[in-house]
Every structure is written in C-alpha cells, then in structure tokens.
Amino acid sequence: MNRSTAWIVTSIVTAIFAVGFLLPLFWVVGGGFWDKGFTLRYLAEVFRNPIYVEGLFNSLKIAFGTTALVTCIAVPLAWMANRFDFAGKPLFQGLLLVPMILPPFVGAIGFQQMFGQYGAVNALFGLGAVDWIGNARYFGVIVLQALSLYPILYLNVAAALANIDPAMEQAAANLGCTGFARFRKITLPLIMPGLFAGGTIVFIWSFTELGTPLIMNYARCTPAQVWDSLKDIGSSKFPYALVFVMLTMSIGMYVLGKFVFGRGAHAMQSKAATASTTRAARGFAAFLVPFIFTVVCFIALLPHLGVVVTSLSSPGSWYRSVLPEQFTTQNYADALGHAMTVASIKNSLLYSAIAVVANCVIGIALAFVIVRSKIKVRGAVDAMAMLPLAVPGIVMAFGYLAISTEISNFDTVKQSALLRQIFDVKINPTLFLVIAYAIRRLPYMVRSAVAGLQQTSVTLEEASANLGASGFYTLRRITIPLITANLIAGALLAFAFSMLEVSDSLMLAQQQQYFPITKTIYELFQLPGTGKYIAAALGVWAMVFLAATILGASALLGKKMGAIFRA
Amino acid sequence: MWKNFLIIAVLALVVALPFAFRRSEAVVAEPGAPTIIIISPHNEAIRYEFAHAFSRWHKAHYGTGAKVDWRNIGGTTEISRYLQGEYATTAKAWWTSQGKRWPDGGTDAVVASRPPPADRPDLIELYRAMRQIDDPNKVSCSVDLFFGGGSYDHLNAYQRGFAVEPWPPNNPTPLAAEALAMIPDKVAGETWRTPTMFGNAVSTFGIVYNIDRLKDLEITVPPASWDDLADFRYFRQVGVTDPTKSGSIAKAFEMLVHQKMHDAARTELKASGVTDDQVDATIAANEKAIDAYKASKGAGYQRGDVPPELAAYQSAIERGFLDGIALVQSIGANARYFTDSATKVSIDTSVGDAAVGMTIDFYGRFQAQYAKGPPTPTEPNGAERMIFLSPVGGTSVSCDPITLLRGAPNRKIAEHFIEFVLSSEGQRLWTYQPGAIDANHNLIGPERYALRRLPIRRDFYPSTQPAIEAAHVEHKQWAVDDLTDPTIDPYQIAKQFTYYPRWTGEHFGVLRDLTRAMCMDSAEELRDAWVIAHPNGNPDPKVLDAMRKLPIVMLTKKGDSEAKPVELNWKTAPNFTANYDYLEYMRAWTSAFRETYRKAARGG
C-alpha cells in the first residue's frame, strides 16, 4: 500500500472511528477529568484506594490465568484438528465453537442448574450440596472464562495453522528437526500472528469481562468494581476514571504483548497445500484425539446444556435431580409465540448483518494500513482498533444516547421527520445500534484480517501489480481470496457477538418494535415465576440459530468446518 | 447439493419457527387514539396489562381509547441517568437559543438536587429557570410519565426538578380526589404520596428460605426475624440485595437498624421499671419530650442533646444504633453476595443455591409458588420448597410511585393515566386473578398475567369503616393473595412498626455508604474474621468485639485544610455525608474496616 493511499484510508477510518467510538466514549469518560475545571483527583483515587488497586491486580491475574488456560486448551485442539482426520471431526469442529454463543441472562441460570448446590452435577455424583460456585473463587472464574473464550483463540490458531506451507515443516523434518522441537522452532513462530490475534482478544476480554465474576460472586476485580460504581454515575464522576484506567491498562497490556510476542511475523510465499498435511489418526491417537475433543466440548457445553434443559422443564421440576421430573414444550410456545419475539429476531438480524458488513469494510481497510503500509502511525491505528474491547458496553451506551439527544436538539433535525427517524434513538435506534454493534465488534475483524495479511506474502500482490492489475483488482482477486478464512472467522465472531450484544441493546432500543433479541430475552426473564424458563427457551432458539449459521456458513462454502480456514 | 439444501432448510426452519408460533395480539386502541409516553422499569406483564386496561378505561371515561408508548431502558439507575442527560441537553439548547451564554457548570446545575452556591448567580438563574418552565417545546425529556421504581428514585427526580404536579395539590380532578382520599401521605415513616409523586402499589421486605437447605444445614427452627440471618450456620448462604443500588432496599436496612434501636430502648425502659405494655407509649412520650427540648434550644441544639432525665434513654438509642450496625455487619458476613438484581435472591433460594435471603414480597411469593414440586398423590399442589415470610418486629412498607415529568408532551392523557392508576379499576390489576369478570361479563382484572402486587388503596384491605370494609370484601373475592391476612395487609404490617425520624432519618444515606465499606468492599476480610470469630461454630466474644469496633479515621472537613480524627457513631454518622468528601471517607472507612477485620482474625 503506497503512502498516500495509506494516509487516505487511515484518515477516513480514523474519522469513522472517532465519530463512532472516541466521541461517545470521551463524551462520557471525559467527565472523570472535569470538576469545575480539569482535575486528576478521580484518577488518583483509583490508585489511592487499596480496594481498586487490588481489583486491578486481581483482574490482571484473571486475564493472565484465563489466557494461559485458553492457550492450553485451544492450541492443542487446533493442532490436532489441523493434523488429523478422526471420527466425528466435522461435528466436533462445529461444537467447539458453540461455547461462545451462550445467550445472556439465562446463561447464568444454565450454569447454576448444573453447578448449583442442588444442581445436576452434585445430583449425578451424589455429592450432596457441594458449593462449587461459592468455593471456586479465582480458579472458578478463570476456568469458566477459559471454557467460554477458547473458541476465539481456536478459530485464530486454526486459521494460522491452515495458512502454514507444509513445505516449511517438511524441510525442518528433512533437516532432522522433528516432534516438539519442530513445533517450537517452526510451527509456533509461523502461527504467532494467529496466536497473538486470538490471545490479545482473550486477554483483553477476560481482563474486562463482567458476567463471569458476577456469576462466581468474585467482586474484587475491576470490571465488577466498574459495574458497581457505574450505579453512582449520577452523583459521582469517579466511575469514569475507573473506566479510563481499565481502558488504559488494556491498551498498555496489548502494546506490551505486541512488543514481546507480536514482532517478526513470518509470511508465507505460497499458500498451504492442505491435503498433504492432514492424515488419519491411527492407533492410540484414533481414540485419544476424539476423546479429548469430547471432554472439552462436554465440559464447555454444560452451561448450554443447562439452558436447553431449563427451557424444557416445567417450573420447579428441576431440583436436586440430574434431569427435570417433568418436561414441557410450553416454554417454547410462550417464548416463540410472544408478540415481541418475531420483531426482535428481524431487528437483530438486520442490525447485526449491517454491522458485520461495516465491520468487514473497515476491518480490511484497517488491516491493510496496519500490515501493508509503512506509515508511522500504523502502530497507533492498531492499538486504537482494540480499544472497543476494553470499554464496558453501558459506558458506550450512555455516550451514544447523549450524542443522539444532542443531535436531536439541532433545529434542522427537530424540524425534519426523516432526520429524527435517523438520529433520535427515542424514535428509531437503528443507526446507533448498528454503529454500536459495528464498533464494539470491530476488534475481531481487524485481528483476523491482520493475522491473515501477516501470513500472506506481499510478493503475491506485487506480482499482480507487476502484471498490470489495479490495486482494487488485486485486492478483489488476490488478497481477499487469500485471507477469506480469516475474514470468515472474524465475521462469524462479529455476527455472533452482535446478535448477543446486551448493554447497547438494553439502553438504546427503547420501544418494543425496535427491540433486538437480547432485549426480548431480558424482558421475558423479568417475568416473575416463569420468566427464566421462557427466556431460556428463546435463548435456546438464539443458540440454535447461531450454531446453524456457523455450521451453515462453512457448508455453503462447500467445505467442512475445519476446512474453511484453509482458503 | 443435498447437503446445502438441508442446511438452508434447517436455517429456514429455525427462522420460521417464531413466525409459526406467533400469537395474534388484541388491538390496544383504535387508530388515531391519543398516545402517552411512559418510561418504566416495570416488566412486560405489568406493561401489557396497564396498557390494555388503560385504553378500556379511557374509552369509558373520556370517549376514546388510548395507547401507551413504553420506553424501556433498564432499571431505575438507567432511567435516572437518562432523565439527567435529556434534561441537561434540552435545557442547554433552549438556554442558548435565547442568545444566553451557557455558564460553566451549567450541565450539572440544571439537574442538581440542591441549588448552586450563592457566589454563582449565573447558575442560580439557570437553576431557577429550569424549575419554572414546563413546556414540551423548550425543556423536555420527550416522556410524559415515570412509572415504577422506588419512592427514593421519584423523590430524587423531584429534587432534581424533573417532576411537576399534575393538578394543584388542593384541587385535584374529581377522579383523582376520590382516589387520593384512599391513599395516605406517609405510613410508618415511608412517603407514599407527595404533590408530584403518587404511590400506587406497595411492597414489603421479607425473608425467604429453602426448606431443604435448612435441613441440610441442620437448622430445625426456620428464620423468623432479621436477627436470625446473623446465625453463623448461614455462613455464605444468605442472599442479600445491594442496598446501595436501590432506595427501597436501603430503606429496609434502615428499618432493620431502627428495629434494633427500638429493642435497645425497650430493654432500657424495662430495666428502669416500665412494664411491657407501657414501653411503646413511654418511647412516644420520650420522643415528644425530646422534640420539645430541641425546639426550645433552637439553633443551639446539637444531635443527641436531651433533657437530663432522658440521658439513659438516649444512651440506649445510641447503643441500639451500634447494635443495628453490628447486625448489618453479621448479615453481611454471612452474605453469599450483594446483588443488584431484584429477582436473583428469590430465584437462588428457590433452587437451593442460597439457604435464606432478603427479598421483596412479591418476588418471594411468586417464586415460592413456582418453586413447588410437581403434584403427588399426597401433595396435589406440589411440595413446598421455599417459604416467604414477613420478619417478626415488622418491616418497612415502601411504595412504587408514578410521577408526571416536566415538559410532558402529552400532558392531558398523562394526567388521565395517573387517575387510572390510582382508581379502583387500575388498582385491581395489581392483585386480581387474570380473566376475572363481573356479573355483566366485563373484564375487571388483568387479561393475561397475575401481577401479584399489593395495591396501595386503603379500600382493598380490612377496615372498621363500613364503606371501606364493603369495598375490601368485594375486592377480596377476586384477589390472588389473601388481602385479609395480617402478614400481607400492608396497613397491618406498617402498624407493627413505629418510625421515629429522629432515630435514623438523617442516617439513611450514611447507612448505605457504611454497608458498602463495612460489608461489600471489605467482604473478603470480613468473612475471614467471621470464620475466626466462630471456632467450632460457636461465637468467640473477644473476636466479635474486636470486629465490631467502628473506625476512627483521619478526614479533612470541607473548607478545612487539616485532617482530624473523626469517630463514627450515632451522633456523628450523618455529618460524614454533609461535611466530608465521599471518596475520602469511603477510602478511609474501607481501609479501617479491613485492618480491623485482619486484626480480629489474628485474634483480636
């Protein structure tokens, strides 16, 4: 990418990012630095109060622990999937991704039905009322987070492994470097972009994740403290300073990680001849490999199983037993038949689809700047693209709301029905929801596209240019096909997480006709008595839809799930 | 090819399912019917029933149906933030459109709950203007009504200037006048009605417990009072809702402390020879005497000053305050969590993930009903698993209000909605069985959902006044809950409790902060000390005494430059919120409590 194009793309994307992310963020967080004039007292308070310092320390411990555990789970799985064919492989490869599509609110209920004191696990093993949730503490948090986040790293590492030219490893083997030494010296450096891409997302996600610490009652960590203090934002500006610290630390850790692990990516001169790398698992491996996949899938999907069984239970019938005493389909009739449901499904599909398209365009553009340009600010652009991962959704939601109100009060907007439809979330939240979804899920797309470009040699694009192809033609015919696997991986993540986005959905979609599906799940969950069962039924629908989409996307591409990473 | 077709078919089927199951909805109102916009944390069941019933009522009383445009953005915290943002932005647009300069600090001033300082006349002018204007085209949040939440949130909205009177307080509409005659202003220290805020449903705080979990814990006597939740056998088994997140929950904590102060006063009076049946009258007389003493001292009065003959009584009140804090601390030590979710405690207790919990009555009753086991020949209604009860000694009875918002774009219809909510027809929705019809086959209750909330109107409950009793008898036959039950009747529950504002009225805010510092921010150290304080499950008084020492912290008073030691007790507690920086005293308290607990865990 030449310098002027890089600057143009950077300027456009930065402008979009500034309006869609930085403006609402600083609209809100800037308050933490203003109190009758500029002040650092709120920021200083974060470090003066030992509770918050401990919270930061614990969050870092969670992030390191989760990332390490995720690496231990995802890398061997991705490696085995890349090297072996074994019984049930297509199914396992699909199931491995399902943990990331646990629906909100009811996910905690599913987990509780499984691991609660009167949950199915205790009932199955006759353990009595063992308090897994109460006793698990730190280890509970990292295990639960690792089991829900490993698909992110798995997707990225699988894509990276698929991009490795087997000739590299064969050459190493010919020179006597085999086994783990070959993995460490050849394979690992070659998949480092993918490992880094997935690892950073997992790290920042687990550093800022709120849901799991809340489920495990682990309150002394920064996300839980931010959540706690956000309730005071009407009267105190301290929460903004805490958000700022969490944001800065996330970026700091990202930059440090990039400095330590992300340098010196190795690009491939040619793409992998995939057929030669995969062989049938034989002997002990034929048993061991599917066994490992089964164990990981089973444990990781227990909360999902909990949601599914809850959705089929009669109220009160699943209690101190492995399975409910009475099953019913009434919850599905109530959930799917509800007036809110159909409209919310249509809305979610619309918002998420537009957001993913926007993600693809911006993500590819950013990735080109980061990988293919030489401009000095590309490192900053890279870090900037990761920022949305580190900001609590509710903070962004407040920002979008404030901006919408501000714009809606311009005279031109007030007097135009069309402009009010576009800019006033109270009338129609579509624009702001799409922006929110697109911006908050942008890091997945950027990381995936960056990893793909890093593994693809620029000489292929240069060859195309030498033969007279225009830049756009090269992009369309050479570059994008070479990184399709990465783009699909990023788009799938972005789509799935957009469909399951909570904070923006709850705050910005105020009228029933604009509710996305997560808000409908929330509304149904609030119904006293039967709420959790009906919400679980709709949650299952969402899981099935997303699972079918992920599996369908791979099948419609004419390849099996594992093979989509080998474009 | 077939595989692709199959995948598409599966996806199509998944997407088509909700369309196939979709139920047709009754039309709420005819096209062109007037609309009101309501912001509310109420759930979908309440929204559905009130929207449909209001349209029917409006047609009967005003000739047309009416539509409700609900705005749902989450809980009361989100609503409060939303209102602040909307009013601040529209006030700025209106102010600057007149060619006036927007002053520094203007955004905070227009939504502040107190007037700006006297040295900022520009802010005072803005603050006053904001409270005088009521025009949807100038300053408005584009919403008519705030419906639901706690009285704390609505009073807060009033203090910030968001609420307006729907009609002059002494001249309400005839429909409103009929309803307001049935709703008292204050009950047992709780505000149920002001000129801008109208309570329409009431709730109490109570205890839920799981019968099976109690058996597991070998607890044979179920909990009956708040004191029972301090029993160490409930360690990490008590579900508690976070009092810092909700005004009504904070009120329940205040009442808990208040109750301990009452106990201490009773003990003191009995020791001085007052008989049991004279205790309450003596307390009332003492408080009257102290009020008179306070009035006689004028500006020179200081908190805690009493006539010399009441010094021992006053000491008992102050001791009771410390007992109350100790009880909060003990419950906090047993707490499994402090959740901000209104439903979590009752759900967790119903599935046995907490043995016992503090929860709002209707969540407790609803969940207890749905937590029952499947019917069996011996128990055709299903086995009881969870029980909800009102604690011995009483509890606060708080209300869910409705407030008309400043600059309401559909003010007239909004006033009608308030009339409806307070009317008998509106109140029935809270408690009647779904589908209840009168002799003329008219629907008189909710259509679809049993809301199981308690109406606020006096005439839904037993009374010695014949007209009210007659109305109660009529309502009783349709109600889901037994409105004659004294453990349900909020007017009876409130009677168990006499609230003396002098005791804890000024301590409301600081009790929230204290609970946070003492129990939530120092939770881990508190639990460790609590375990050490109960070797073999029995309390060690030495360690407990060490844990209960309230901190003396170094703080700089606002306007001072030097930090001085400040003790925490009944007399000083309200000064913290008024005289010291919130972040500073919270930091100091949290550090001090953690240190106290660590010391106690080392053996006192």
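**View 1. Ten salt bridges link chain B and chain A in this predicted model.** A salt bridge here is a side-chain nitrogen of Lys or Arg within 4 Å of a carboxyl oxygen of Asp or Glu. One to look for pairs A:Asp131 with B:Arg336, whose closest N and O atoms lie 2.7 Å apart. On the chain B side that touches chain A, helix α1 (residues 2-21; helices are DSSP runs of H or I, at least four residues) gives the most, with twelve residues.

**View 2. Chain B and chain A bury about 7200 Å² between them.** That figure is the accessible area (1.4 Å probe) that two parts lose on being put together, summed over both; carbon and sulfur atoms hold 52% of it. In chain B, the residues losing the most area to chain A are B:Arg81, B:Leu583 and B:Arg587, together 9% of what that side buries. Contact (heavy atoms within 4.5 Å) takes in 82 residues from chain B and 85 residues from chain A.

**View 3. Now for the cysteines: the structure holds zero disulfides over all chains.** A disulfide would need a pair of cysteine sulfur atoms within 2.5 Å. For B:Cys519, the nearest cysteine sulfur belongs to A:Cys221, 19 Å away. B:Cys519 counts as buried because its relative accessibility is 1%, buried being under 20%, exposed over 50% and partly exposed in between (1.4 Å probe, protein chains only). A:Cys360, at 23%, counts as partly exposed.

Residues are numbered from 1 along each chain as its sequence is written, and chains are lettered from A and ligands numbered from 1 in the order in which they are written. In this predicted model, local features need pLDDT of at least 70, side-chain atom pairs count only at pLDDT 80 or more, and totals for chains, interfaces and linings use all residues, while side-chain values use heavy atoms, leaving out hydrogens and water.

Key: Helices (H or I, at least four residues) and strands (E, at least two) are DSSP runs, numbered from the N terminus.
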